[in-house]
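User: I am new to reading structures. Can you walk me through some strands and pockets?
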Amino acid sequence: MIEVEGLYYSYSNDDNFAVKDVSFKVAEGEIFGFLGPSGAGKSTTQGILTGLLQLQKGNASVAGYDIKNISRKMFNKIGMSFEQSNVYSKMTAKENLSFYSKLFDVETRDPMELINLVGLGGKENMRTGEFSKGMKHRLTFARSMINNPSMWFLDEPTTGLDPAIAADIKDIIKEHNNKGVTVFLTTHNMYIADELCDRVAFIINGEIRLIDSPKNLKLQYGKKLVEVEYGQDGNVKKETFSTILQEDKDLLNKIIADKEILTMHTKEATLEEIFIKVTGRGLA
Amino acid sequence: MKLLSSFKKELILASRGFYFYVELIFALVILVVLLFAIPQNFSSTSTEYLHFNLPQEGREIFTNNILENDLDGESEIVEIEAGGKTFNAELIVTDESEIYIVDSEEAVRMLADSEKVIGAVIELNNNNQLHYKYYLQGYESTRFKNLISILFNESTDVLEERINNQDVRPLSTDYEPLSDRENTIPPLVAFSGSLMGMFIMASYIFLDKKEGVIKAYAVTASSVWQYLMSKIFVVLLTSVVSGFIIVMPVMGFRINYGLLLLLLLTTGFFASSLGLLVASFYKNLTNAFGVIYLLLIIMMVPSIAYFIPGWDPFWIKIIPSYPLLQGFKEIILPNGDTIYPLIVSAGFLAVGIILFAITNIRFKKTLSV
């Protein structure tokens with residue numbers, strides 16, 4: 001669905017590249033996470049793939065369309081949810097979606113259906129200038145679905161949303177992905193990436209450092225240990241066991257059988273820990 | 001269909017915004033000024049203050065001579081104030097002047113000083129010859145001062161004969177001049193109807209940039225030119241409405257409104273394309289204000305030449321607002337040239353298309369800005 005090869009981009013048209021030699025492929029039906037801190041080159045790459053920035057060097061195709069000569073028809077297939085909400089503040093939520101629905105050559109979704117889907121039902125006739133930041137973000141997210149996209153670009157889709165709404169948004173993403181929609185997710189939130197993505201790419205200083213599935217990364221970079229807290233003679237004891245050594249496995253089984261287990265955790269690494277390990281810097 | 005949808009959206013936004021009403025209210029204010037503040041024709045009568053320091057007989061001769069030109073043949077006794085004092089005066093009103101004959105030189109001097117007009121004292125010198133003393137304001141030209149001097153060194157009969165023998169031939173015999181009120185319409189329509197479009201257009205774009213909606217539009221199947229053109233349509237609509245608000249009540253049905261509509265549309269297209277081009281280089285109105293202000297000042301220079309027909313250098317004619325003003329003038333002239341506004345319209349349309357094409361390329365390249 002997306003093929004990128006040797007992508008470079010410089011805002012100042014010199015050797016000061018915001019994106020350097022970026023190459024990756026995203027298969028149809030995949031959720032691909034593009035992870036990195038602010039200024040890493042995530043939005044620049046997404047900007048090139050969506051035609052907001054002109055391709056300077058390299059090759060890229062999206063949904064079968066060459067990015068070097070973008071056809072307006074490509075946008076019938078793609079949807080884009082921006083990190084910064086960008087809706088007409090003087091128009092109501094319904095007017096906003098109705099207007100955008102007329103800008104595509106394909107069958108579009110009912111604005112009210114989308115408004116209800118993102119939990120804005122009852123607010124459809126309110127001007128978006130009166131919306132909270134979170135409500136605007138949800139409307140921007142809803143708008144990205146108006147043309148039933150098969151390629152969906154999502155830039156920080158849960159930023160600024162309360163946990164319940166963020167969970168709903170994640171469910172919507174999963175639901176659409178289950179129907180075959182390919183998702184290119186740009187985020188610095190490792191939890192949402194871990195939960196949603198089939199594969200993730202770590203990008204820092206404009207370069208991709210690693211591409212793999214979250215599961216493989218955890219296996220590769222996590223510690224194979226289990227930490228157990230259990231009660232013994234009225235006291236709380238805490239021990240760590242290897243999940244590889246047979247001696248430790250036997251001991252763990254014995255504790256599980258004989259003692260009262262209070263807590264038990266595997267010591268697998270989080271994506272954030274792996275990111276720090278791989279790139280040498282955090283995501284803030 | 002996409003263009004129509006964008007146009008409808010722009011109309012909704014404009015109707016809920018500020019600038020749309022500013023332009024229309026501005027047009028209404030201009031209309032009120034035109035109808036109630038600007039007279040049909042500006043008064044060209046001058047005011048003069050005279051004192052005859054002469055014997056009664058001489059005073060009567062001079063007064064009666066002037067009185068012959070009075071509109072009703074009778075003078076009026078009035079009181080006039082200057083420097084905190086009140087003076088009695090005999091007022092004689094002619095076609096060209098309001099002449100106040102006062103009874104002291106002090107009155108002439110004070111009135112000339114306070115009213116900033118010319119005063120004169122006619123008296124006898126030691127040889128019993130007439131002596132003329134003028135109180136000028138200091139800004140009179142040498143030519144004017146020479147004229148005053150020659151009046152008393154040359155026989156008035158000779159002067160009159162020479163004036164009467166001058167051969168004056170009008171270049172055009174079917175030329176009907178505009179009234180002063182009508183003559184002020186072209187600059188007002190040009191700036192409120194057409195050139196204001198440049199500023200309004202830039203404002204609309206900067207509002208969209210602020211809200212980030214240009215990016216959202218850019219990832220739809222609609223072209224950038226449709227987005228830009230829909231905005232131009234709204235600016236053209238307000239230009240035409242405000243232009244007609246100013247022109248119709250003053251000119252009635254005496255002019256060719258088809259031509260006016262054409263010129264408003266083509267010049268509005270040019271101005272809004274220029275506004276788009278300027279907006280494509282800047283992030284907000286504050287950054288672009290200097291350039292917009294400079295362009296408006298340059299565009300206003302030809303209006304000086306418009307009101308001073310004797311000052312018409314070549315470089316002024318290449319400023320776009322020059323043909324714009326002349327085009328509007330030809331439309332409202334009773335016997336105006338209909339070809340000229342057509343040529344001007346074609347020129348503005350052509351330049352507008354070029355500017356629009358450049359702007360379209362600029363916006364495609366700078367959508368993320």
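Analyst: We begin with a term. Helices here are DSSP runs of H or I with at least four residues, numbered from the N terminus. Keep in mind that this is a predicted model.

User: Which elements each supply at least two residues of the lining of the second largest pocket?

Analyst: They are helices from two chains. Chain A brings α1 (42-49). Chain B brings α8 (185-211) and α9 (213-218).

User: Which of the elements gives the most to that lining?

Analyst: α1(A) does, with five residues.

User: How much space lies in the second largest pocket, and which residues are closest to its centre?

Analyst: About 680 Å³ of space lies there. The lining has 32 residues. Closest to the centre are A:S43, A:E83, A:Q84, A:D155 and B:K215.

User: How do the residues of that lining divide?

Analyst: Sort them by type. Nine are nonpolar, 15 polar and eight charged.

User: Now the largest pocket. What is its volume?

Analyst: The volume is about 1200 Å³. The lining counts 30 residues. B:E48, B:L50, B:I99, B:Y134 and B:L151 are the closest to the centre. Several elements of chain B give two or more residues to this lining, including β4, β5 (119-124), α3 (56-67) and α6 (156-165).

User: Which element gives the largest share of the lining of the largest pocket?

Analyst: That is β1(B), with six residues.

User: How do the residues of this lining divide?

Analyst: There are 18 nonpolar residues, eight polar and four charged.

User: Let us turn to strands. How should I read a strand?

Analyst: Start with the general idea. Side chains in a regular strand alternate between the two faces of the sheet. Next, look for partners. Two strands count as paired if DSSP finds at least two bridges between them.

User: In which sense do β2 and β3 of chain B pair, and over how many bridges?

Analyst: β2(B), residues 76-82, and β3(B), residues 85-93, pair in the antiparallel sense over seven bridges. B:A82 stands opposite B:K85.

User: What lies between β2(B) and β3(B)?

Analyst: Two residues do, and the two strands form a hairpin. Look at B:G83 in the turn. B:G83 has a positive phi of about 60°.

User: How does β3(B) pair with β4(B)?

Analyst: The sense is antiparallel, over five bridges, and β4(B) covers residues 97-102. For one partner pair, find B:L91 and B:Y100. β3(B) and β4(B) also form a hairpin, with three residues between them.

Note on methods. Residues are numbered from 1 along each chain as its sequence is written. Chains are lettered from A and ligands numbered from 1 in the order in which they are written. This is a predicted model: local features need pLDDT of at least 70, side-chain atom pairs count only at pLDDT 80 or more; totals for chains, interfaces and linings use all residues. Side-chain values use heavy atoms; hydrogens and water are left out. On a 1 Å grid over the protein atoms alone, a cavity is a set of points where a 1.4 Å probe fits but cannot get out, and a pocket is an open set with protein on both sides within 12 Å along at least five of seven lines; lining residues have an atom within 4 Å of a point. Grid points are joined across faces, edges and corners, and a volume is the space filled by probe spheres set on the points. Ala, Val, Leu, Ile, Met, Phe, Trp, Tyr, Cys and Pro count as nonpolar, Asp, Glu, Lys and Arg as charged, and the others, Gly among them, as polar.
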